[in-house]
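This report looks at salt bridges, at a domain boundary and at a chain interface. The sequence and the structure come first.

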Amino acid sequence: MSLRDHIDGLEGGHDSTGDPAFDREKAIALAVFLVPGMTLFGIFSVGPIVYSAVGSFFSWDAFTMQSFVGLDNWFRTFRDPLIVHWENIRQYRFPMGALTQNLLWVVLHVPISTLLGLGMALLFADLRGRRILRSMVFLGFTVPTIVIGLVLLFVYDPQAGVFNELLRVVGQGQLVRNWTQSPQVAIYALVAGGIWVQTGFNMLLYSSALSAIDPSLIESAKVDGAGPYRRFRDIIWPLVKPVTAVVVIMGIIWVMRVFDIVYAAGGTAGGPNHSYSVLGIEVYRAAFEPPIDYGKAMVVALVQLLIVAPLAAYIARMN
Amino acid sequence: MDGVSKYFDAGETVANYRLDLEVADGEFLVILGPSGCGKTTALRLIAGLETPSEGDIYFDDECVNRRSPSDRNVAMVFQNYALYPHMSVRENIAYPLKIRGIPPDERDRRIEEVTELLHIEGQVDKHPGELSGGQRQRVALARAIVREPSVFLLDEPLSNLDAKLRQEMRSELKRLQDELDITTIYVTHNQEEAMSMADNVVVMYRGTIQQIAPPEELYARPRTAWVARFIGSPPMNLFRGTRRNGAVDLGDAGTVTLDGVVGSDLEADTAAGDVSLGVRPEDLFISTDPPTDGNAIEGTVDTVEPLGEYALVNVSVNDQLVTVKVSDAGVERDDRVYLTFGDDDAYLYDENGELLTRTASAKTT
Amino acid sequence: MTEDNPFTPTEPSAETRAETGGQRYTPVDEIPDVAPSKELDWRTRIVAATPTAWRVLKYGVAIAVAVLWIVPFVGLFMASFRPLGEIIQGWWHLEGMTVTLENYRRAWSYQTAPMGRALFNTLIVTVPSVLVVMLLGAMAAYPFAKFEFPLKTTLFFLILLVMAAPPELVAMGNYNTLREIGLFDTYMGLILVHIGWGLGWVVLFLRNYLLGIPKELEEAARIDGASRYQIFRTIILPLSTPALVSVAVIQFTWVWNAFFFPLVFMRSPELYLAPQVLPLMRGRIQVEWGLMAAGSVLTMAAPVILFLLLERYYKRGMVAAVAD
């Protein structure tokens, strides 16, 4: 609505375009097109973000904003062992705090799923039935993530789980355990699940980048005498490299938002003794489970955004 | 390479059917045909981007069917140039050399040579995206030439350029080929390009070779009615008629005796059947009075198209439209006219479209 | 004499002629329509039909990887049809398999929140969230793509910011807003949150698509006397159908699959959405695998079927949405 005011206010200023009646008509049209959508967008997306940004500097009584406390919430949050647990980090023992665990997830998940996605895109690129193969790998990405979490629970179950059965078959029976409930390894088990889902998405992005390469470039390289490895290194890779930035950043965004999988496996605690909690889980617990701590919830959610925002800006800059 | 010929025989039903083709060393061969006739497939077979389903391809005396393109020492210029967009011009040209492990000094020397040859010295540090169509074309050529390949393959290299540039590049390509003396196979659908550059032209139609001949011969002696219509602009006129008693009966338009006609065969004077009599528009003369001797075809003027340098007169002969190229029309619509031609300029094709040849013995008779 | 005759065609050398049986040119009529079956013995044929070892290996690896990727879903599917006792022995044991719909029956009428009801709730929330986002998104995208207006860059920046933000960041603000306006724990409240959240990417996605529609089309319509609204309705909307289908498919999947928003905004068990019900099915001591699997299959059926039907739009949309 401030937008409409703004546009109406500018109405007279556009004399250069000529007929002022034309401008008025244009301004009204703009308002009609923009205002309904942008209002909802403002109220339910931008507004709450601003609210959180402001609220993170205030003290809270449950859901009610109290007084300005400066960086108090921020300091408190970063000292909270649930977010960063320095002592356990030094001993490399879980729980290390949601922020650390979330970042560890990024470090493992993103490179592996990127490489797997690229590898599969290359593998499937010229096979017959590639559409079916790709759909099979991509299927996980269309399934509700909460189901993914439950499937992981099932896969890693000591009795009914196919993963443990696999261990028994290859003679590693001593490793059999309930993977999602063992504090020191559970996070890796869940990261593997995340990779399982995201590889399909990365493969899709790489596949479309590969199919956008003019086949005559590859043929030209063949005639020039390049073997499969040189063709990949000199032609294919440089041409799909820009997609890698997108793949990596989308991966980071996805992992920083991960919530459902952890919730399914470990509830709102984020596993036994919070051993694989992530930032999203901490926000939920702080905001909606007693004792309610809106200030901390807002700080943690902002941290999630701050980690991702520069990357998103980088993607935006690329275009 | 010396004393060499390449023997090429491939069969691929849809694209190419049993092609026999031989290219001499240093020859400039143009494969000419309408789109979809299989000429590009033929080129890709030579390059090794396709494998023949039948038949063998020889380089010198060696069968290269199973060899990969990189082992054939061929260079190819693609229709869209296929310049690597992420490399500078210099890197593009250097790429085939780099792959072959040629040391950097040598590489630089050869790049310099070839860029000078093609007048693109100023562009070496640019990326393909910054170049004009003609410059890209030159870079693609440079990348192919720098290799010093034994065969140089060009797939419609000029089709993406505008008319003026195309003409320029045409003569440049011809010059380059003369200078470098590399065996060149050039694919095009543009007959002007083919005629102006080739040592030999291969005319292809629906996957087969219609005729292999030097440009002059192609024009002067098209082997089939199809080639006759394809080469030359406007295309050759074909009068449909029936052959009997050493003459072609054109119905109401008159009768043409075959005595001196190039394609006639005295031996077969008694032969009968449906034939086509072909005469090029530029070999037809037009007159309003019936000529006293020789052959004449009667018709009515349909339209006159003055084109400055010359005029085209479309004459309706037995419901067939015939084009005549004259320097000065002098006739008008609905005029009754007679078309005459020299016996040497007429060709006779049988119902299959094959040229009926006069045997040497027939000539002496 | 023959040599001098300019009309004698150049003939290939006698040698070549001999090799090709003297038949130099193949008449067009002789080209067969299909590949001639080669007169080869069966051994040669088999060799020709066998792909190279490298390709066989590639296919083998590719199929193995793809199968490995869906094994967990196969297990889930199998478990949903089998009694708990058999699942605990391992769903991969096929001997003595009992197929039962008991799990589905129990899930459908699960006591805390029956799946039947939950799926209905999910549909009630999803359909309006998708349709409204499509309409409002297309309307807002049009000026973004085609006009200059003040604050455009700012709005653009805000959209990007929201796209990067985690849903947790808007939860607190929306929680308070919905409580204030009395829409907390209602369909309407959740729908509004979904619309507000989805608009960002939809506007950006459709804007990028609309940029590709040539200006001439609009100008032609303008000369024909169409107003901006008519241009939008008769030119822009029909032309963006493929993009709108992509938006519909992706937004449907996201809203349907969403877990966090319902978890926060839907508190009454009779309003629970399907993804919300699933974790409740875990049970206390022994995990109710069959029940949970049946519930999961019911919940994922809609997005998976939609994906399989409109795979093209889904993939294209996904790629376009993030690649831009």
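Is B:Arg336 buried, partly exposed or exposed? B:Arg336 has a relative accessible area of 43%, and because of this value B:Arg336 counts as partly exposed. The model is predicted, and the values below are computed from it.

**Salt bridges within chains**

B:Arg336 pairs with B:Glu298 in a salt bridge, with 2.8 Å from N to O. This pair links distant parts of the chain, since B:Arg336 belongs to strand E19 (residues 336-341) of chain B and B:Glu298 to strand E16 (residues 296-306) of chain B, 38 residues apart. B:Glu298 is partly exposed as well, at 22% relative accessibility. Elsewhere in chain B, salt bridges with shared partners connect B:Arg138, B:Lys164, B:Glu168, B:Glu172, B:Arg175 and B:Glu179 in one network.

Two pairs in chain A can be set beside this one. A:Arg168 and A:Glu165 form a salt bridge at 3.4 Å, N to O. Both residues lie in helix H8 (residues 162-169) of chain A, three residues apart, or about one turn of the helix. A:Arg168 is partly exposed, with a relative accessible area of 36%.

The other pair is A:Lys296 with A:Glu282, whose closest N and O atoms are 3.9 Å apart. A:Lys296 and A:Glu282 are both buried.

Over all chains, the structure holds 32 salt bridges.

| Salt bridge | N to O distance |
|---|---|
| B:Arg336 and B:Glu298 | 2.8 Å |
| A:Arg168 and A:Glu165 | 3.4 Å |
| A:Lys296 and A:Glu282 | 3.9 Å |
| C:Glu288 and C:Arg106 | 3.2 Å |
| C:Glu311 and A:Arg131 | 2.7 Å |

Chain C has 16 helices and zero strands. Of its 324 residues, 49% count as buried. Among contacts in chain C with a separation of 6 or more, 72% are between residues 24 or more positions apart.

The domain assignment divides chain C into domain 1 (53-106) and domain 2 (110-323). The C-alpha centres of domain 1 of chain C and domain 2 of chain C are 32 Å apart. Where the two meet, 11 residues of domain 1 of chain C are in contact with 13 residues of domain 2 of chain C. Together these domains bury about 1,000 Å² between them, with 76% of that area on carbon and sulfur atoms.

How many salt bridges cross the interface of domain 1 of chain C and domain 2 of chain C? The rule finds one. C:Glu288 and C:Arg106 form a salt bridge, their closest N and O atoms being 3.2 Å apart. On the side of domain 1 of chain C that touches domain 2 of chain C, the elements giving two or more residues are helix H3 (53-80), helix H4 (84-89) and helix H5 (102-108) of chain C. H3(C) gives the most to that side, with five residues. By class, that side of domain 1 of chain C has eight nonpolar, two polar and one charged residues.

**The interface of chain A and chain C**

The size of an interface is often given as the accessible area lost when the parts come together. Chain A and chain C bury about 8,600 Å² between them, 76% of it on carbon and sulfur atoms. In chain A, the residues that lose the most area to chain C are A:Phe33, A:Phe44 and A:Phe154, together 10% of what that side buries. By contacts, 94 residues of chain A meet 94 residues of chain C.

Three salt bridges are counted between chain A and chain C. One salt bridge joins the side chains of C:Glu311 and A:Arg131, at 2.7 Å from N to O. The rule also finds 18 residue pairs in polar contact across the interface of chain A and chain C. Helix H2 (residues 20-55) of chain A gives the most to the side of chain A that touches chain C, with 22 residues. That side of chain A divides into 69 nonpolar, 15 polar and 10 charged residues.

Terms used
Residues are numbered from 1 along each chain as its sequence is written. Chains are lettered from A and ligands numbered from 1 in the order in which they are written. This is a predicted model: local features need pLDDT of at least 70, side-chain atom pairs count only at pLDDT 80 or more; totals for chains, interfaces and linings use all residues. Side-chain values use heavy atoms; hydrogens and water are left out. Domain bounds come from an automatic or database domain assignment. Contact means heavy atoms within 4.5 Å. Buried area is the accessible area (1.4 Å probe) that two parts lose on being put together, summed over both. A salt bridge is a side-chain nitrogen of Lys or Arg within 4 Å of a carboxyl oxygen of Asp or Glu. Helices (H or I, at least four residues) and strands (E, at least two) are DSSP runs, numbered from the N terminus. Ala, Val, Leu, Ile, Met, Phe, Trp, Tyr, Cys and Pro count as nonpolar, Asp, Glu, Lys and Arg as charged, and the others, Gly among them, as polar. A polar contact is a pair of N or O atoms within 3.5 Å; within protein, one must be able to donate a hydrogen and the other to accept it, and residues adjacent in sequence count only if both atoms are side-chain atoms. Buried means under 20% relative accessible area, exposed over 50%, partly exposed in between (1.4 Å probe, protein chains only).
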